[in-house]
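My entries follow in the order I looked things up.

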Amino acid sequence: HLDLDCILYDMENLAAEMLKLLGRNNEADKFIGYSEKRKELMNKYYLTSDGIYLDYNMETGKHSEILSAASLYPYAFGGSNDKDGALRGLKRLELPFGLSACEKRDDDVFFQWDYPCMWPAATCLAYIGLKNIGLDADAKRIAGKYVNVARNIFDETGRLWEKYDALTGKIAVTSEYETMPMMGWTAAVYRYFT
């Protein structure tokens with residue numbers, strides 16, 4: 001999965017950085033090699049011909065048909081700096097009130113990490129990725145939408161919530177379970193953006 005490989009890529013780079021600080025340069029070089037190889041494979045398997053990163057099925061040899069916010073993770077973790085690809089993905093995921101976890105499909109059954117749910121962590125990683133590659137205005141717009149929705153819903157309910165609906169600006173409703181109040185990452189991302 002793309003999101004897992006992006007996190008592993010980041011961890012390999014961080015491990016190399018820490019090992020260098022400890023003077024363990026030979027071990028650091030190994031982790032640099034791991035991260036370089038992972039980046040090469042990420043670009044080989046996940047990067048599509050239109051510049052968007054998508055999950056890849058090794059058995060079928062095909063990319064996922066579902067675009068998700070994970071497509072913006074390579075920019076957050078330093079795996080890519082392609083502004084055009086990031087903007088193509090962002091254009092398909094951005095809704096009036098924020099960033100959807102996934103692009104809309106033809107069916108009408110939506111799950112928790114699905115359209116039109118706006119998850120704090122995914123929004124934060126998209127923001128970091130856009131900032132990393134110099135798309136500051138786009139990052140600011142995404143952050144602003146999240147802050148506005150979280151603030152408006154808090155004013156209505158007196159609570160922060162696990163996730164929000166990026167299409168309506170309300171509390172997300174999914175087919176799996178009722179959205180619960182949440183302080184953790186919802187508050188952390190709100191605070192990070194403000």
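**Entry 1: the start of the chain**

I began with His1, which counts as exposed because its relative accessibility is 64%. For this I used relative accessible area with a 1.4 Å probe and protein chains only: buried is under 20%, exposed is over 50%, and partly exposed is in between. I noted that the model is predicted, so local features need pLDDT of at least 70 and side-chain atom pairs count only at pLDDT 80 or more, while totals for chains, interfaces and linings use all residues. Residues are numbered from 1 along each chain as its sequence is written, and side-chain values use heavy atoms, with hydrogens and water left out.

His1 sits in the segment before α1. Helices here are DSSP runs of H or I with at least four residues, strands are runs of E with at least two, and both are numbered from the N terminus. I then looked for what His1 touches, leaving out residues up to four places away in sequence: Tyr46 and Asp55. Contact means heavy atoms within 4.5 Å. I also checked His1 against Leu54: they are 53 residues apart in sequence, and their C-alpha atoms are 8.6 Å apart in space.

**Entry 2: α1 against α2**

Two packed helices are described by the angle between their axes and the distance between the axes. I took α1 (residues 2-21) and α2 (residues 25-45): their axes come within 8 Å and cross at roughly 160 degrees. Axes are lines fitted to C-alpha atoms, for helices over the stretch in contact, and angles run from 0 to 180 degrees between N-to-C directions. α1 and α2 are therefore roughly antiparallel to each other. The cut-offs are under 35 degrees for roughly parallel, over 145 for roughly antiparallel, 65 to 115 for roughly perpendicular, and oblique for the rest.

The crossing of α1 and α2 is left-handed. That term applies if the near helix is turned anticlockwise from the far one by less than a right angle; clockwise gives right-handed. I listed the residues that meet: from α1 they include Leu8, Tyr9 and Glu12, and from α2 they include Phe31, Ile32 and Arg38. By class, the contact of α1 with α2 has eleven nonpolar, three polar and six charged residues. Nonpolar covers Ala, Val, Leu, Ile, Met, Phe, Trp, Tyr, Cys and Pro; charged covers Asp, Glu, Lys and Arg; the others, Gly among them, are polar.

**Entry 3: α5 and its partners**

Which way does α5 run relative to α6? Their axes are 7 Å apart, and the packing angle is about 160 degrees. α5 and α6 are therefore roughly antiparallel. α5 passes α6 in a left-handed crossing. Among the residues that meet are Tyr127 and Leu130 in α5, and Ile142 and Tyr146 in α6. I sorted this contact into seven nonpolar, one polar and four charged residues.

Next I turned to α5 (residues 120-132) and α7 (residues 184-193), which pack at about 30 degrees with axes 9 Å apart. That makes α5 roughly parallel to α7. The crossing of α5 and α7 is left-handed. Cys124 and Tyr127 are among the α5 residues in this contact, and Trp185 and Val189 are among those from α7. The classes come to nine nonpolar, two polar and no charged.

**Entry 4: the rings**

I searched for aromatic pairs: rings of Phe, Tyr and Trp (its six-membered ring) with centres within 6.5 Å, called stacked with planes under 30 degrees apart, edge-to-face over 60, and tilted for the rest. I found ten aromatic pairs. One of them, Tyr146 with Tyr164, is edge-to-face, at 6.2 Å centre to centre and 75 degrees between the planes. Tyr146 lies in α6 (residues 136-157) and Tyr164 in β6 (residues 164-165), so the pair ties together parts that are 18 residues apart in sequence. Tyr146 and Tyr164 are both buried. Ring pairs also link Tyr127, Tyr146, Tyr164, Tyr192 and Phe193 into a cluster.

**Entry 5: a cis bond**

Tyr115 and Pro116 are joined by a cis peptide bond, with omega about -5 degrees. Pro116 lies in the loop between β4 (98-99) and β5 (117-118). Is Pro116 buried or exposed? Pro116 is buried, with a relative accessible area of 8%. Leaving aside neighbours within four places in sequence, I found Pro116 in contact with residues including Leu95, Ser100 and Tyr164.
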